[in-house]
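Here is a short briefing on one protein chain. Look at the fold and follow the points below.

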Amino acid sequence: MSAVRIPALKEHTATFIFMHGLGDSGSGWRFLADEYRKLKVLDHVAFIFPNAPTQKVTLNFGLQMPSWFDIISLDKVETQEDTHGMLESAGRLRRFIDDEVAKGIKPERIVIGGFSQGCTISLLTGLTTDVKLGGVVGLSGFIPMRSQISKLHEEKGIKMPFFVGHGTSDPVVKYEYGVFTKQVLESLNIPFEFHEYKGLTHSASPQEINDVLQFLNKQLPDN
């Protein structure tokens, strides 16, 4: 499977898998690994930044671009969803997880995450997986399949920590979607951190990147 891979600098004991947003690629987020390497932290962690397949996106007039699923509208995501595409990409993410486990990395030493579209797939995977991972990082995205997600989660009953970050001035994926994610996690009694970033648009800020680092340090300590 296509991905940008940054190996651990010492004994590989943990992995962070992070999925990009619409129209981007894995290389667009490798700066996360580069930044953490500069800080000389998480040297025991390997980073994987998967590349989405290229497909038509209805929201963008049917243009072909890297996309984890089709987006019909961002105004009413709960009523117009590409459920098939979402589940298909959740399956892709699960294969990356399985590959790491096959290498000897314990599931609880794997954190998944993503931005925007990638956030949505990571949240979906974290709520429906049958293995307990180290955690989930969701930035500027939304929980999909609103009418089904609670039931899907309860069928598995797996709890793991979530980190949710969202800018209050996001014009693409509305801040209220981040608040809804928080409410769903609360209703399911899932441990989570919710971080709002005042004035942040549809992007990541240095503070958010540092907050993610603190979460990773906590969930993937260097044993």
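Strand 4 (residues 54-57) and strand 5 (residues 63-66) form a hairpin, with 5 residues between them. Phe61 sits in the turn and has a positive phi of about 60°. This is a predicted model: local features need pLDDT of at least 70, side-chain atom pairs count only at pLDDT 80 or more, and totals for chains, interfaces and linings use all residues. Residues are numbered from 1 along each chain as its sequence is written, and side-chain values use heavy atoms, leaving out hydrogens and water.

**The hairpin**
- Strand 4 and strand 5 pair in the antiparallel sense over 4 bridges; two strands pair if DSSP finds at least two bridges between them.
- Helices (H or I, at least four residues) and strands (E, at least two) are DSSP runs, numbered from the N terminus.
- Val57 stands opposite Leu63 in strand 5.

- An open sheet has 7 strands in the order 1-3-2-6-7-8-9, with mixed pairing.
- Strand 1 (3-6) and strand 9 (192-197) stand at the edges with a single partner strand each, so one side of each has no neighbour in the sheet.
- Neighbouring strands of this sheet are turned by 15° against each other on average, direction ignored.
- Strand 1 pairs with strand 3 (residues 45-50) in the antiparallel sense, over 4 bridges.
- Ile6 has Phe47 in strand 3 as its bridge partner.

**Helix 1 on the sheet**
- Helix 1 (residues 31-38) lies across strand 1, strand 2 (14-19) and strand 3, and runs at about 160° to strand 3.
- Angles run from 0 to 180 degrees between N-to-C directions, and axes are lines fitted to C-alpha atoms, for helices over the stretch in contact.
- Leu32, Ala33, Tyr36 and Arg37 in helix 1 are buried (under 20% relative accessible area, with a 1.4 Å probe and protein chains only).
- Seen down the axis of helix 1, these buried residues fall within an arc of 130°, so they line one face of the helix; the arc is that of the directions from the helix axis to the C-beta atoms.
- Lys40 follows helix 1 and has a positive phi, near 60°.

**Helix 2 against helix 3**
- Helix 2 (residues 83-102) and helix 3 (residues 117-128) pack at an angle of about 75°, with axes 9 Å apart.
- That makes helix 2 roughly perpendicular to helix 3 (65 to 115 degrees).
- Residues of helix 2 that meet helix 3 include Leu93 and Ile97; contact means heavy atoms within 4.5 Å.

Notes:
Parallel < 35°, antiparallel > 145°, perpendicular 65-115°, else oblique. Buried < 20%, exposed > 50% of the residue type's maximum accessible area, 1.4 Å probe, protein only.
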